[in-house]
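Welcome! We will go from one stop to the next together.

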Amino acid sequence: MTRIAVIGGGKIGEALVAGLLEAGRATKDLVVAEQFPARAKEIAEQFGIRVTTVADAAEGADLIVVAVKPSDVDGVLTALGEVELDSDREQLIVSLAAGVPTSRFEPKLPAGFPVIRAMPNTPMLVGEGMSVIAPGRYVKEAHLELVRDVLSAVGKVTVVSENQMDAVTAVSGSGPAYFFLVVEAMVDAGVSLGLTRRTASELVVQTMLGSAAMLDRSEESATELRAAVTSPAGTTAAAVRVLEQNGLRSAFIEALHTAKDRSAQQGAIND
Ligand SMILES: NC(=O)C1=CN([C@@H]2O[C@H](COP(=O)(O)OP(=O)(O)OC[C@H]3O[C@@H](n4cnc5c(N)ncnc54)[C@H](O)[C@@H]3O)[C@@H](O)[C@H]2O)C=CC1
Ligand SMILES: O=C(O)[C@@H]1CCC=N1
């Protein structure tokens, strides 16, 4: 079985570990490196897995998943310098760090060591993640297959070229936050219309779940599905007009452009 070391026991590291365990991966095949003792203890107790240092975690791992903030990547690379990494053993690194190119890893690793850049999202916690992977220059098909296999246990996986990863980050990496924000806004709207917060939440969450299921299962596009809800001169048309007047569509476009730029910026500078 593939042994996986997750470097960084934060939000996305936790989502990955939880999703993999839920999907049936054994606790003995997972190890986490987390620098903050309190957080390390929390992870170890919550999941019953070993939490250790970067070097110790990476030593026996087939897959080293780097799940730290972009500004902490260099620190992890320094710590990995203490480990005898071995690409012949099919060891490889998967970096989840937004914006950080594989070319930032490669010169600091043994010659030819494979690095895959990946962008997952938090719904992998419930097996419904969207993970996008992009190969670095030393990655072979077998490496991509291994990572695809691991991540497909926690949702969908697709492959793009690395120059698309900042756009991917803006769309699906950050994407869950946009939907949670829409839910918050609709719940607040429901409350302002006189519903209790509990009822408004139930209505909005189930509406989102049902709409997502339709998008997933139907042959029709989002535009067609929306048209089917929009009766002539009805309530939906009235609401959509106000949303468009208030720039909802262009707000999303501008927001995602800004997210893409921020991703690239985080990889370019070390802030
Ligand atoms: N949160 C999300 O939804 C997603 C995050 N990402 C990426 O994943 C990375 C981590 O994000 P989050 O989990 O949200 O951040 P976070 O701040 O919650 O977690 C990072 C963790 O790494 C630990 N860490 C940092 N340096 C370390 C080291 N040298 N050794 C051991 N542990 C170390 C920190 O103590 C912290 O617990 C970022 O690069 C982000 O761009 C990617 C996709 C989605
Ligand atoms: O907000 C961030 O920078 C990270 C990357 C994608 C989701 N969270």
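**First stop: around ligand 2**

Select ligand 2, then Ala98, Thr169, Gly173 and Ser174, the residues around it (a residue is near a molecule if its C-beta atom, placed from the backbone, lies within 6 Å of it). By class, this shell holds 1 nonpolar, 3 polar and no charged residues. Here Ala, Val, Leu, Ile, Met, Phe, Trp, Tyr, Cys and Pro count as nonpolar, Asp, Glu, Lys and Arg as charged, and the others, Gly among them, as polar.

Before moving on, note that this is a predicted model: local features need pLDDT of at least 70, side-chain atom pairs count only at pLDDT 80 or more, and totals for chains, interfaces and linings use all residues. Residues are numbered from 1 along each chain as its sequence is written, while chains are lettered from A and ligands numbered from 1 in the order in which they are written.

**Second stop: a loop with an annotation**

Now select Ala67, Val68, Lys69 and Pro70, which an unreviewed UniProt entry lists under "binding site". UniProt positions follow the numbering used here, feature names are shortened, and annotations may be inferred rather than shown by experiment.

Valine 68 sits in the loop between β4 (63-66) and α4 (73-80). Helices (H or I, at least four residues) and strands (E, at least two) are DSSP runs, numbered from the N terminus. Is valine 68 buried or exposed? Valine 68 counts as buried because it has 25 C-beta neighbours inside 10 Å. The cut-offs are 20 or more other C-beta atoms within 10 Å for buried, 12 or fewer for exposed, and partly exposed in between, with C-beta atoms placed from the backbone. Lysine 69 lies in the loop between β4 and α4 too, but it is partly exposed, with 14 other C-beta atoms within 10 Å.

Leaving out residues up to four places away in sequence, valine 68 touches Ile7, Gly8, Val73, Val76 and Ala97. Contact means that two C-beta atoms, placed from the backbone, lie within 7 Å.

Across the boundary, 8 residues of domain 1 are in contact with 7 residues of domain 2.

**Last stop: threonine 196**

Finally, pick threonine 196, in the loop between α8 (175-192) and α9 (197-217). Threonine 196 counts as exposed, because it has 10 C-beta neighbours inside 10 Å.
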